[in-house]
Amino acid sequence: MFIVDKKREEAKVDIINGCGCKIGCSTCAVKRRYIDMLSDANIPCVYWDLKYSSFSGAVTIKSATQNYAKSIRKNYASGLCIAYAGTPGTGKTFSACTILKTALAAGYSAYYTTLTDMAHYLTDFS
């Protein structure tokens, strides 16, 4: 079992235990499907439960992310994209994951990747 699969299963158990139903009620089922969506979208598990209201990175990144996420349907339809640049710890990954989670909640498909992952995929000839 891969680590991400283990994290997915642990998160699902935590949902049921946190609810107290012990059987997986309809509320738990919705939350468990959401965990599956986040995992399938390759969003790092550390970002699954984080809320953007707790963001403490660069103010300009926060503002751009909130504005983009508010208009996710319009931005998608127009092809508008957003790119982040900055030093470590400015909130680039947190912001990108927030937009992906917003897109998933709006019914779009999404996939988190890094430039390193893409370069490896493009150069791995095996």
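This is a predicted model: local features need pLDDT of at least 70, side-chain atom pairs count only at pLDDT 80 or more; totals for chains, interfaces and linings use all residues.
Residues are numbered from 1 along each chain as its sequence is written, and side-chain values use heavy atoms, with hydrogens and water left out.

The protein chain contains 6 helices and 0 strands, where helices (H or I, at least four residues) and strands (E, at least two) are DSSP runs numbered from the N terminus. Its pattern along the sequence is accordingly written α-α-α-α-α-α. Along the principal axes, the C-alpha atoms occupy a box of roughly 45 × 40 × 30 Å. Of the 126 residues, 29% are buried; buried denotes under 20% relative accessible area, exposed over 50%, and partly exposed the range in between (1.4 Å probe, protein chains only).

Contacts were defined by heavy atoms within 4.5 Å. Among contacts between residues at least 6 apart in sequence, 58% join residues at least 24 apart. The mean positions of the 15 positive and 9 negative charges lie 12 Å apart. Lys and Arg were counted as positive and Asp and Glu as negative, without His and the chain ends; each charge was placed at NZ of Lys, CZ of Arg, CG of Asp or CD of Glu.

A search of the whole structure returned 5 aromatic pairs. Rings of Phe, Tyr and Trp (its six-membered ring) were paired if their centres lie within 6.5 Å, with planes under 30 degrees apart classed as stacked, over 60 as edge-to-face and the rest as tilted. The pair of Tyr-47 and Phe-94 is tilted, because the ring centres are 5.9 Å apart and the planes stand at 40°. This pair links distant parts of the chain, with Tyr-47 in the loop between H2 and helix H3 (59-70) and Phe-94 in helix H5, 47 residues apart. Tyr-47 is buried at 18% relative accessibility, and Phe-94 is buried with a relative accessible area of 12%. Phe-94 also pairs with Tyr-52; the ring centres are 5.4 Å apart and the planes are at 80°, so this pair is edge-to-face. Tyr-52 lies in the loop between H2 and H3, 42 residues from Phe-94, and the pair again links distant parts of the chain. Tyr-52 counts as buried at 11% relative accessibility. Tyr-47, Tyr-52, Phe-55 and Phe-94 form one aromatic cluster.

Tyr-84 is located in the loop between helix H4 (72-78) and helix H5 (92-105) and is partly exposed, with 22% relative accessibility. Beyond residues up to four places away in sequence, Tyr-84 touches Ile-61, Thr-65, Lys-92, Ser-95, Ala-96 and Ile-99. The side chains of Tyr-84 and Thr-65 make a polar contact of 2.6 Å. A polar contact is a pair of N or O atoms within 3.5 Å; within protein, one must be able to donate a hydrogen and the other to accept it, and residues adjacent in sequence count only if both atoms are side-chain atoms.

Asp-36 belongs to helix H2 (residues 26-40). Its side chain makes polar contacts with the side chain of Arg-8 at 2.9 Å and with that of Lys-12 at 2.8 Å.
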